[in-house]
Each structure stands twice: as structure tokens, then as C-alpha cells.
Amino acid sequence: QVTEEDLAKDADTVGDVLTNGLGRGLQRYSPLKTLNRNNVQKLVPAWAFSLGGEKQRGQESQPIIHDGVMYITGSYSRIFAIDIATGKELWQYDARLPEGILPCCDVVNRGAAIYGDNVYFGTLDARLIALNRKTGRVVWNKKLAEYKEGYSYTAAPLIVKGLIITGNSGGEFGVVGEVQARDANTGELVWSRPTIEGHKGTFQGKESSMTGTLNATWPGDAWKTGGGATWLGGSYDADTDTLIFGAGNPSPWNSHLRGAGTPVEGNKGDNLYAATRLGIDPANGEIKWHFQTTPREGWDFDGVNEVVPFVAADGAKRLATADRNGYFYILNREDGKFVNAWPFVKNINWAKGIDKDGRPIYVEENRPGNPAAAADGAKGQQVFAVPSFLGGKNWMPMAYSQKTGLFYVPSNEWGMDIWNEPINYKKGAAYLGAGFTIKPLFEDYIGSLKAIDPNTGAIRWEYKNAAPLWGGVMTTAGGLVFTGNPEGEFLALDDETGEVLWKFQTGSGIVGQPVTWEHGGEQYVSVISGWGGAVPLWGGEVAKKVNYLNQGGMVWTFRLPKEVAAAN
Ligand SMILES: O=C(O)c1cc(C(=O)O)c2c(n1)C(=O)C(=O)c1cc(C(=O)O)[nH]c1-2
Ligand SMILES: [Ca+2]
């Protein structure tokens, strides 16, 4: 039985990986140092596991490890249980997706959750499934939302105090963002928290008086299909007992269809709580605080990126998040109040900076124009905006090192031509009202892994990668930073210098999330390889810039042999 206590101390225990993020704070830091800067060259493959068949798209999953078993999800809503000693399959389950599902950004799944005797995962057709972790038999299977209306699900679920907590996807289809909490044993809904003002929440089956239901920042009817999908899931800060979920882009992308005039008078066109981080009370789904990164968002700068609790150099309890919009934010942990922000990618041009309250100082000429006012008919004024809509950083998780006190942020240096077009809402259909072409900023690289000091915003080092970086990062007490690239390499870098100390060619691009654990006195590292995600779908010329490897799906597990560790 995996208990709340086990989940609470996952960040400190080295024999298993029970949560997405190596702890619900999502620091992705392992205290293991058997494997370190001096011996990482001796890291060797232990086994590999193929996800098989033709159902192979972006493999973004993070393995969960417990009781000698690894649980991974595959892109097409599949889950596998693997013996960690041998790499042998114990069972697999295929959720068998219906035809005609419409995810915006590839067929992906970011991993499972574990609690009690069950493992859990969400499916692309917006269902949540509990399976017995020993047998793989379905315990319950619940519908989160209607996929025919454009809803889908791609995140790893979060489990807090017996509740299984999920977000939703569909911001490109005019859905309404939502966070749901269910009883992990039965799958029954306990509370639901919509993210768009005007929509009411529920608590134990009844409409509740939850805060933030007033529709004050959405002129007209646009709030009804306002987006703000919570598609990346959330983190949990145990110190303040707060769930932190981000809400994605407001729908449609075309900001002129969400309020007349530019800018709308005062803050009345902010479109809360789209492009916003929300602090939520796990007991009842009430919003405790909100911080909107991009008010009246107009470039697809989803506000979903992970929010990571950490302790600053001066002892203050803070939150850090690297937004799609190119700014790295520090917030106060207690109330989500803005503390500081710095750009973490180059040449940002949609804003001049962030003011003392955390609000962007807009460069209105770099907001795509209003098609209604365009001289040439349908297409509004095109602008070149930086970063591109795929963001200074997208979903791929950063890591924090308790050893160096730095954040290691996978970022991309790119811009886009973007223009607005008219669009009418049609249930289940794409709802953008915009067109775009991504362009690199520099000849030789797009991807950039950065070591960022959260006390000053200083970038200590940068590792440049030709292709856009799209995989997760992990740090260890052994002084290592692990990540992968679309070129197929799994990399270990020095946490102080950014020097590549070790690499391994996995045979397909890496968009997965590495983990490490100890078994039988040896340290293991695993990552899933399998190219896909939003870059090959939406990147255009950028996606062709590098000669990518074939798609595929393979779990790679490495180990440092005992003899090598002993010789150190
Ligand atoms: O607004 C949404 O609902 C939504 C969902 C998702 C998703 O669920 O994967 C992505 C995005 N937006 C998105 O904007 C985006 O760039 C993106 C990239 C990826 C990916 O896995 O590579 N997913 C998503
Ligand atoms: Ca989106």
C-alpha cells in the first residue's frame, strides 16, 4: 500500500519514484550521489524496453518506480508495468482510443500516479483510469470531460491526501479549463474548480460558492468558451497546503475577439484566470490566490508551466516558474504575490519588461492586429513576436538543485510571424483565429539549457542545442544535470559548468522525463526515448532544421556497476 506519507517524503527517499516530479514540489532533484561527476563516464545500459507496434508518437512519460516495478505510459494512452531488475514486461493495458480525437499538440501522455494498491493514468479521450498495480486489472474508469467537445487529457495525475487531482486539455478548441479532485479509491468527484470567471465550481456534488466566479474581466460572451485549460497538471506545496495549477491560453488566440478596443479600459479585458497560476485549497477547490503572467494574452502564451517551491538564499520561502512568455518569475509562497521576474530567453519583444506588480509592460505594436480593422480584409496586421507561441519554455519540466541552489531550465530561442483572422466558435473544432510561422533567431541553435540563479536572475551557464529542446531535466546531489535532445542523445552535464560529461545515443529523439533510484546498492537512471510532441506538428521549417531520427518508443535504463562505485 502506497500511503499519503510515502508520497509526502518521495523527494527524500531514494529507493523509489512515487510522484511525477520526484516529489510533489516538482524539484526533480535526487539526493543520490553514488553516481557523480567523477564516475558518470562509467554509466552503462542495463536494459531497454520497446513500447512496440505502430502506435508511437511523442513519448513524454516519466517512469514511476515502486516495489521492484516501473510503470510507464505510452503516447497512445497505454500503460506498462516492467520488472526493474530485468526489463521484462509484467503487464500492459491499452485504453483503445476512439477514432476522431482532436488533441492540439500530438498524441502524448506524461505519466502515471500511484496510491494504495492502484496505479492511475489519464487518457487522450479525457478519461481517468485506476488499475490494480499488481495485475493491471481496471478498478475504475471515469469520464473527465467530453472529447467530442474538444477536451482531452495529457498530464500525469497528482495525488494529495487521498484525492486524485487532474487538469484538462483543449485550449485550442474553446473548452473551459478545470481542476477536478476525486476520491482515489472510488473515482467519485469531490470538487471541481473551473478556471474561467463566470463558470461555477462544485463541491461534493453541489454548486458551490467558490470565489472568482464573477465575470468581470471578459467583455461580452467570450468567457463561455474562454479556454484556460489546466493541461500540464499541478504541483503541491506541503508547507502552505496549496495545490498550484496553471491555466493555459484564453480562447480564441485572437485577443481582439475577447474584448473590444486595444487595450480594454483598465484591467477589464484581462480574461481571468486564463494564462494564470492558481493557488488552490485541496480541501474544497477554493482559489486562495492567483497570479496572471499574461493578462489579455494574444500569442498563445499558456500560463501552465510548473510552479516549483524552493527556499531562496535569504531563507525566504518562494515559488519559481519559467513562463511560455519568456520571463522567469519568483512568487511568494504564502500568497502567490509577485516578488521578481527576469527574461530567460533573448530578444523578447512583446513586452519591454515586468512592472513592480508583476504585470507585463506591453509593446502594443507587437500584438497581432485586429482583423476587423485590417485594410486587406480578413487578415489582421502581421507582427514578428519573440518568443514564438511554443514558448521560451514549453511543457518540458525544469529542475532545481538543492546542491547548487540553481534552476536548470530547458528553453528555446525562436520567434514567429503571427497574424489574427476572424473565427466563429463551433463545438469541437479548432478555435484559434490566428495563423503563424515559427522562425529561429540564430543560425546555429534553438535549444538552450540554462542554469539560472533564482536570487538574481543571473544565467550561470548555457548549453546550446541545434534542435529545440523538448525533454525534461533532472538534477542529483552527485553534481549532475540529466536531459535529452531531439537528436537522440541522453546527456549528463556538470551542474556547475554545463560541460557535457557523458552522453548516449538512444535511437530516437528524447522528449521524456528522466528519473533515478537505487536498487541493490546500485544507482539507476531511466529515460524514455521517442520523438514527437508539438515541435514536429507545428514547427514547420524549424522542425526540419535538424535531421531527426525515426519516431519510436523505448525505455532506456542505465546503471553504475557496484565495482565502479566502490573504486571511487
Ligand atoms: O491549451 C491547451 O489545452 C494545450 C494542451 C496541450 C497538451 O495537452 O499537450 C498543449 C498546448 N495547449 C500547447 O499550447 C502546447 O504548446 C503544447 C505542447 C505540447 C507537447 O506535449 O509537446 N502539448 C501542448
Ligand atoms: Ca495551448
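The following dialogue goes through a predicted model, feature by feature.

Q: How many helices and strands does the protein have?
A: The secondary structure comes to four helices and 40 strands.

Q: What share of contacts joins residues at least 24 apart in sequence?
A: Take the contacts between residues at least 6 apart in sequence; 61% of these join residues at least 24 apart. K148 is in the loop between strand 10 (138–143) and strand 11 (158–160).

Q: Is K148 buried, partly exposed or exposed?
A: Burial is read from a count of neighbouring C-beta atoms: 20 or more within 10 Å means buried, and 12 or fewer means exposed. K148 has 14 within 10 Å and is therefore partly exposed. Over the 568 residues of the protein, 58% count as buried.

Q: Which residues touch the most other members of the largest nonpolar core?
A: That core has 160 residues, and A112 and Y408 touch the most other members. Strand 23 (residues 327–332) gives the most to this core, with five residues.

Q: Which residues does Y408 touch?
A: Leaving out residues up to four places away in sequence, Y408 touches M398, A399, S401, L449, A451, V473, T475 and V481.

Q: How is strand 35 joined to strand 34 and to strand 36?
A: Strand 34 (residues 474–476) and strand 35 (residues 480–484) run antiparallel and are joined by two bridges. Five bridges join strand 35 to strand 36 (residues 489–494), again antiparallel; there T483 stands opposite L491.

Q: What lies in the turns of these hairpins?
A: The hairpin of strand 34 and strand 35 has three residues between the strands, and G479 in the turn has a positive phi of about 85°. The hairpin of strand 35 and strand 36 has four residues between the strands, and G488 in the turn has a positive phi of about 100°.

Q: Why is strand 35 described as largely enclosed by the rest of the structure?
A: Five of the five residues of strand 35 are buried, so the strand is largely enclosed. L480, F482 and G484 point one way, V481 and T483 point the other way, and all are buried.

Q: Which strands make up the open sheet of six strands?
A: The order is 11-12-13-14-15-16, with antiparallel pairing. Strand 11 and strand 16 (206–207) are at the edges; each has a single partner strand, so one side of each is left without a neighbour in the sheet. Within this sheet, two bridges join strand 14 (residues 189–194) to strand 15 (residues 202–203), and S192 has T202 as its bridge partner.

Q: Which backbone angles deserve a second look?
A: Most residues other than glycine have a negative phi, and most peptide bonds are trans. Exceptions to both can be listed here. L22 has a positive phi near 50° and counts as buried, with 29 C-beta neighbours inside 10 Å. R96 also has a positive phi near 50°, but R96 is exposed, with 10 other C-beta atoms within 10 Å. The peptide bond from S251 to P252 is cis, with omega near -10°, and P252 lies in the loop between strand 18 (242–247) and strand 19 (276–280). A cis bond also joins V386 and P387, with omega about 0°.

Q: Which residues come nearest to ligand 1?
A: A ligand site is read from the residues around it. Ligand 1 has 22, of which C105, S169, G171, A229 and G533 come nearest. The shell divides into eight nonpolar, nine polar and five charged residues.

Definitions and conventions
Residues are numbered from 1 along each chain as its sequence is written. Chains are lettered from A and ligands numbered from 1 in the order in which they are written. This is a predicted model: local features need pLDDT of at least 70, side-chain atom pairs count only at pLDDT 80 or more; totals for chains, interfaces and linings use all residues. A residue is near a molecule or strand if its C-beta atom, placed from the backbone, lies within 6 Å of it. Ala, Val, Leu, Ile, Met, Phe, Trp, Tyr, Cys and Pro count as nonpolar, Asp, Glu, Lys and Arg as charged, and the others, Gly among them, as polar. Two residues are in contact if their C-beta atoms, placed from the backbone, lie within 7 Å. A nonpolar core is a set of buried Ala, Val, Leu, Ile, Met, Phe, Trp, Tyr and Cys residues joined through C-beta atoms within 7 Å. Two strands pair if DSSP finds at least two bridges between them.
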